[in-house]
Structures are given as C-alpha cells and as structure tokens.
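Work through the exercises below with a viewer open. Each task sentence is followed by a solution that goes step by step.

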Amino acid sequence: MKRFSLCCILFAGFSLFSFAQSSGWKFSFGTSKAKKGVKAVSASTAYSDELGYGFDFETHPQEFTAANGKKKLTGCRSDKPFYFSVKLPEGNYDIKLVLGGTNEPSLTTVRAESRRLMLAHIATAKGKTTTQSFTVNIRNARINDSVSVKIKPREKAKLNWDDKLTLEFCDRNAAVSSIEITPNTTAPTIFLCGNSTVVDQDNDPWCGWGQMFPSFFKKGVAIANYAESGEAANTFISARRLEKLLTKIKKGDFLFMEFGHNDQKQKGEGIGPWGSYQQSLQKYIDEARKRGAFPVIVTSMHRRNFDADGKVINTLGEYPEAARQLAKKNNVPLIDLNAMSKILYEAWGPEQSVKAFVHYKAGTFAGQANDLADNTHFNAYGGYELSKCIVEGCITNNLDFIKYLRPDNERFDPAHPDAFESVSFPLSPFTTVEKPDGN
C-alpha cells in the first residue's frame, strides 16, 4: 500500500469538483446511480485530485446489496481497512455516516486524517443500518501565500497536513452506505498543542492521547490536534505551529497546551521550567485570550519509571510544578495529568503497565528486528486511558464543551483503569518501528 507525500502541494486557484456546493457533499456507496445532488461511489472509484473524491491508498472494498424489508440497501464493505478521501478546504465539517446494511452483522470503527479515532466498534445487525455523526477538523500547512508551518521531513506524508479529508473504515465486516459532509463554521474548536505524547501518530503501534480524544464527543465540537513529536513549548512556536493555529482560532474556542518532556532536555541560558518554559506558555495564554479563546494548561504525564516499591519516580523535575503555578497565576484551568498519571501507572503496577506502552517482542510488526521497549510513548490502549484522564479533567474543570460529550460517557477514576482485555482497536495497515522524535 502506497502512502503519498501530500502536505506541500499548493493548489493554484483551489477548486472543488463540480457537484460540490456550499450546503455540503453527499455520497452513496455501492452503486453507479444516485439521486440528484448525490455522487455515486462504486468499489472501483479511486481517488484522484481531478475527480476530487474516491477510495484512497489503493484500498479496494467490495460492493454489497441487501434488503431491509422493501428497502434495498447498497454500500461498500471489507474486513480490511479501506480509505475514502474528499478534496476539501480546511475548516470544520459535520460528518453524517450511514453504517452497516450488509447481509451479515457488521462492526465498524472510523478514524479520520492521521488515525484520529472518531467512532469505535459501531455494531449493526444483519440488514440493519445505523446513522452516526461527528465533527472533524481538517487543515493544511499554509499560513498565508508566502509562509507555511516548518514541518519536519517525516511529517510530509501526514494526512493532517494535506488538502483533503480522509476517513478510514475498519473492523469486522466494516461497512458504509452513505456519507454526508456539511461545513460547520460555528462549532467550538479545541486546539491541542504538545509533543509526541499528544500528537496524532500516523502509524501503529504508537498513539498520542490527542488522537483518541475526538471519540468521546458527539457532533458539534471539533478537535484540532496541532501537536508534533519532539516539540518543546518554544520550538512549537519557532516552527510556526502556534502562528498557524492562531490564524484559525476564534472566540469561544479552547487552546490546550501540554509540554515538558522535550523542554527539560534543552540547555542554555534562560532555559528551564521557571524560564523559557513558563515564558513560552505565557505567550500561548496571552495570544489565546487576545482572540477570545480559553487557554487550558495540561501537566505532562509521567514516564514509566518505578522504584522498588512500585511507586512512580518523577523524571520531569520541576516542569509540572512550574505549569501548575503558571496556571494559578493566570487563573487558567489546569488538568493535572501528571498527578493523574501517577495514580494510573501505580494502579497498573510495574508489570501490567507495559501493556499501555510500546513494548513488543521482535517480529510483532513488519521490519521489527529488535524488541521495542519504550517507556514514554503509548500504544492505543495507553493513549485511550490517558485520554480518559483528560476528559475527566475537562469535567472537573466544568469546561463549556463538555456538553458535547457522548451520552454514554462514564466518569473515569485513574485508580481503576479499564482492563487491558476490554479495550482494543483494529490495527492500521500503516506501521513503523521507528521511535517518534523526542524519545
């Protein structure tokens, strides 16, 4: 499967395919005919910039036809992950999906862009469909006609930075019947700034908490994850990531910031938790408030490091405390992920905690010649549990957007994490054994 380098393509006079309208875009799957205003998508419809939509990355689902009473159902299905992309300008979009409909039970997980989890294990019975909705943010690297984000070479294939929306459908007999895409210019947006522990990791088995975060919310709020591996609070600024974000943030939005792991590795005059780190975070706070947005500070989670008694050893120095004091000084909501992660890791213990991190024997993934034993970065289970901590912090702080939490959301106690066996997600076809920057 080929993954294309997408992020730095500049579309002169950017235009969408002819049927696109300001009211939205509609697709009907598994058919060569569709109603007026709806685009028919067969299994052979391959994405191209000229067409502006289609199945991407050489994935080929199968068409299906089923009956639901007198109603005929059509769609596309597969037991292997398949991708559907649509060329769109950056912004927030409401996505309405009709899933299922096959002659067998269906289980569908949906990810967007760079493996952001939007829907998990949506079950439908034989011949039945379900309608699911969420709001997604898409962006590109351009700040203006002459300036762009200073992305790293390894980011050039990131789906987060291109000029299209990509949806991944996977799980057991994953099936989609229709997609409706509608621009949403009023949805509050939660912007995430951070490092490899937050980022949308493109490849399994790596996972940041930020890419699990969208799955907890229903339609009406968007998550824009600008985090990137290896970034400190000041390098995030110098790479123009904050500058780009600030061109999009609006009144009523939220700006989350979680740094520390890479900041503590920096050396030099003025560098440190009470110097460059606090100064940089102050800039995030001030710039957000200038635009009527709400800053939120998140302390860095611990690394997986235990003493002989099974207690977590602090490897982050004074950075978490510096974040706490800055939040108090500025009257900014604080999500103390550092404190919650200590409780969480100690609840797991030294032995069970490896299940939340990238610890895998050689040969588990393609090209993996050696064991992976990373005590900083999470797998999907770990990222999901850390994201639950963030959601709990949002509830505790009574942040306005918690009204968009899905109705089945339950409160989370890090002292009682979900059992590893109860949380699983389909593997992506994209894997790597290369550790993220900042390891």
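**Exercise: a serine in a loop**

Decide whether Ser-215 is buried or exposed, and list what it touches.

Begin with the accessible area: Ser-215 has a relative value of 12% and is buried, where buried means under 20% relative accessible area, exposed over 50% and partly exposed in between (1.4 Å probe, protein chains only). The model is predicted, with local features needing pLDDT of at least 70 and side-chain atom pairs counting only at pLDDT 80 or more, while totals for chains, interfaces and linings use all residues. Residues are numbered from 1 along each chain as its sequence is written, and side-chain values use heavy atoms, leaving out hydrogens and water.

Next, locate the residue. Ser-215 sits in the loop between helix H1 (209-212) and strand S14 (222-225); helices (H or I, at least four residues) and strands (E, at least two) are DSSP runs, numbered from the N terminus.

Then list the contacts (heavy atoms within 4.5 Å). Leaving aside residues up to four places away in sequence, Ser-215 touches Leu-117, Met-118, Tyr-384 and Arg-406.

Asn-195 is in the loop between strand S13 (189-194) and H1. With a relative accessible area of 0%, Asn-195 is buried.

**Exercise: aromatic pairs**

How many aromatic pairs does a search of the whole structure find, and what is the geometry of the pair formed by Phe-57 and Tyr-83?

The search of the whole structure gives 32 aromatic pairs. Phe-57 and Tyr-83 form one that is edge-to-face, at 5.4 Å centre to centre with 90° between the planes. The criteria are these: rings of Phe, Tyr and Trp (its six-membered ring) pair if their centres lie within 6.5 Å, and planes under 30 degrees apart count as stacked, over 60 as edge-to-face and the rest as tilted.

Now place the partners. Phe-57 lies in the loop between strand S3 (53-56) and strand S4 (62-68), and Tyr-83 in strand S6 (residues 82-87), so the pair ties together parts that are 26 residues apart in sequence. Phe-57 counts as buried at 1% relative accessibility, and Tyr-83 counts as buried at 2%.

Phe-357 belongs to strand S18 (residues 357-360) and Phe-378 to strand S19 (residues 372-378), so parts that are 21 residues apart in sequence are tied together. Both Phe-357 and Phe-378 are buried.

One aromatic cluster is formed by Phe-27, Phe-29, Tyr-53, Phe-55, Phe-82, Phe-84 and Phe-169.

**Exercise: positive phi**

What is phi of Phe-57, and what is phi of His-121?

Phe-57, a residue other than glycine, has a positive phi near 55°. His-121 is not a glycine either, and its phi is positive at about 55°. His-121 lies in strand S9 (residues 116-124). At 31% relative accessibility, His-121 counts as partly exposed.

**Exercise: helix packing**

At what angle do helix H6 and helix H7 pack, and which residues of H6 and H7 meet?

Helix H6 (residues 337-352) and helix H7 (residues 380-396) pack at about 135°, with their axes 10 Å apart. Axes are lines fitted to C-alpha atoms, for helices over the stretch in contact, and angles run from 0 to 180 degrees between N-to-C directions. H6 and H7 are therefore oblique to each other; angles under 35 degrees count as roughly parallel, over 145 as roughly antiparallel, 65 to 115 as roughly perpendicular and the rest as oblique.

Finally, read off the residues. Leu-337, Met-340, Ser-341, Leu-344, Tyr-345 and Trp-348 of H6 meet Tyr-381, Glu-385, Leu-386, Cys-389 and Ile-390 of H7.
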